[in-house]
Amino acid sequence: MTTHNELRLLPWSGPEGNPCYLSTEGSGGYLSRLADNTEAVQLEMSGELLEHAFEVLGNREAEPDEVRLLAMDMTEALRDVRRVAISRGHRLPLTDPPACEGGNEGPRLPTAAFS
């Protein structure tokens, strides 16, 4: 059976917008390399779109249709970047959180900090 960390969320959607997963134990396969390259392109395009957004939003004479198109493009880019972040986060090795000194009580703040 494949564990959660062995299923890679791919940077593209399947039919009807459903997520696509790749069952893999390594990153050297053709589809893994294709996914890596696709993620890199998506992140680069998102950066370029962000620069364009600063230009458009800084232009007081920008047309409403231009701002609407920018919002649509930014929404698609955000969806792509979110999918990349989720995919990469799932592939991180699991680690135990660091233990707090003094047991499980956590840090103590003076009462005045909450006033």
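A: A patch is made of residues with over 30% relative accessible area and no salt bridge, and nonpolar side chains are joined within 5 Å. In this predicted model, Tyr 30, Leu 31 and Leu 34 make a nonpolar surface patch of about 290 Å².

Q: Is Leu 31 buried, partly exposed or exposed?

A: Buried means under 20% relative accessible area and exposed means over 50%, with partly exposed in between. The relative accessible area of Leu 31 is 37%, so this residue is partly exposed. Leu 31 belongs to helix H1, which covers residues 30-58.

Q: Why does Ser 46 count as buried?

A: The cut-off for buried is under 20% relative accessible area. Ser 46 counts as buried because its relative accessibility is 15%. This serine is also found in helix H1.

Q: Which residues is Ser 46 in contact with, leaving aside its neighbours within four places in sequence?

A: A contact requires heavy atoms within 4.5 Å. With those sequence neighbours set aside, Ser 46 touches Ala 77 and Val 81 by this criterion.

Q: What pattern does the protein chain follow along the sequence?

A: The order is β-β-α-α, from a total of 2 helices and 2 strands. Of the contacts between residues at least 6 apart in sequence, 52% join residues at least 24 apart.

Q: What percentage of the residues in the protein chain is buried?

A: Buried residues account for 19% of the 115 residues. The accessible surface of the chain is about 9300 Å², and carbon and sulfur atoms contribute 58% of that area.

Key: Residues are numbered from 1 along each chain as its sequence is written. This is a predicted model: local features need pLDDT of at least 70, side-chain atom pairs count only at pLDDT 80 or more; totals for chains, interfaces and linings use all residues. Side-chain values use heavy atoms; hydrogens and water are left out. Helices (H or I, at least four residues) and strands (E, at least two) are DSSP runs, numbered from the N terminus. Buried means under 20% relative accessible area, exposed over 50%, partly exposed in between (1.4 Å probe, protein chains only). Accessible areas come from the Shrake-Rupley method with a 1.4 Å probe; for residues, only the protein chains shown count as cover. Patches are made of residues with over 30% relative accessible area and no salt bridge: like charges are joined within 9 Å, nonpolar side chains (Val, Leu, Ile, Met, Phe, Trp, Tyr) within 5 Å. A salt bridge is a side-chain nitrogen of Lys or Arg within 4 Å of a carboxyl oxygen of Asp or Glu.
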